[in-house]
Amino acid sequence: MKIKASLTDDAVLLELGARLHAARLGLNLTQAALAEQAGVAKRTVERLESGAVAMQLSSLVRVCRVLGLLDRFDLLVPEPAPSPMAQIKQRTGSRQRATGSRRTAAPAKPEWTWGDEP
């Protein structure tokens, strides 16, 4: 889903949480490992991914909405790209080029030999 100014604050926070969740899984990190590397509590990561975050982030969304910057959140945490296997699955079954019409070859005439009538 694209983050737009027409979304509610809760919808924006849910989408950001889902994108953070997908990014974490893409790096094959547990919530605990991410929390440790980021220097935050595991509960903080859980809250961010669920969209139930502290007021500071909700306030940030409200301020960005007023400043007309909410659409730029898409750049901050972009949607995850499809995996290479998903891209291959999307391509299978679709034709790459047209075959065109094929001409059938005319039956070959036997070679002429002396004594045959023309």
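This is a predicted model: local features need pLDDT of at least 70, side-chain atom pairs count only at pLDDT 80 or more; totals for chains, interfaces and linings use all residues.

Student: Which residue does Glu46 form a salt bridge with?

Tutor: The partner is Arg43, and the closest N and O atoms of the pair are 3.2 Å apart. Arg43 is partly exposed too, with a relative accessible area of 45%.

Student: Where do Arg43 and Glu46 sit in the chain?

Tutor: Both belong to helix α3, which covers residues 42-50. Because they are three residues apart there, about one helical turn separates them.

Student: Why does that spacing matter for which way residues point?

Tutor: An α-helix has 3.6 residues a turn, so residues three or four places apart point the same way.

Student: Okay, zooming out. How many helices and strands does the protein chain have?

Tutor: There are six helices and zero strands. Along the sequence, the pattern reads α-α-α-α-α-α.

Student: And how much of the chain is buried?

Tutor: Of the 118 residues in the protein chain, 21% are buried. The chain exposes about 9700 Å², with carbon and sulfur atoms supplying 59% of that area.

Student: Back to salt bridges. How many are there in the whole structure?

Tutor: A search of the whole structure turns up eight. One of them joins the side chains of Lys2 and Asp74, at 3.0 Å from N to O. Lys2 lies in the segment before α1 and Asp74 in helix α5 (residues 73-76), so this pair ties together parts that are 72 residues apart in sequence.

Student: Is Asp74 buried or exposed?

Tutor: Asp74 is buried, with a relative accessible area of 13%.

Student: What about Asp9, which residue is its salt-bridge partner?

Tutor: Asp9 pairs with Arg65, and their closest N and O atoms are 2.8 Å apart. Since Asp9 is in helix α1 and Arg65 in helix α4, the pair ties together parts that are 56 residues apart in sequence.

Student: How accessible is Asp9, and how accessible is Arg65?

Tutor: Asp9 is at 18% relative accessibility and counts as buried, because the cut-off for buried is under 20%. Arg65 has a relative accessible area of 28%, so Arg65 is partly exposed.

Student: Tell me about α1 itself. How many residues does it have?

Tutor: α1 has 18 residues, and from its first C-alpha to its last it reaches 26 Å, close to the 26 Å expected. Its buried residues include Asp9, Val12, Leu13, Leu16 and Arg24. After α1 comes Asn28, whose phi is positive, near 60 degrees.

Student: Leu13 is on that list. Which residue 44 places away in sequence is 8.5 Å from Leu13, C-alpha to C-alpha?

Tutor: That is Leu57, which is found in helix α4, residues 55-66. Leaving aside neighbours within four places in sequence, Leu57 is in contact with Leu13 and Leu48. Leu57 is partly exposed, with a relative accessible area of 25%.

Student: Last one: what share of the chain's contacts join residues at least 24 apart?

Tutor: Among contacts between residues at least 6 apart in sequence, 60% join residues at least 24 apart.

Key. Residues are numbered from 1 along each chain as its sequence is written. Side-chain values use heavy atoms; hydrogens and water are left out. Helices (H or I, at least four residues) and strands (E, at least two) are DSSP runs, numbered from the N terminus. Buried means under 20% relative accessible area, exposed over 50%, partly exposed in between (1.4 Å probe, protein chains only). Contact means heavy atoms within 4.5 Å. Accessible areas come from the Shrake-Rupley method with a 1.4 Å probe; for residues, only the protein chains shown count as cover. A salt bridge is a side-chain nitrogen of Lys or Arg within 4 Å of a carboxyl oxygen of Asp or Glu. The expected span of a helix is 1.5 Å times one less than its number of residues.
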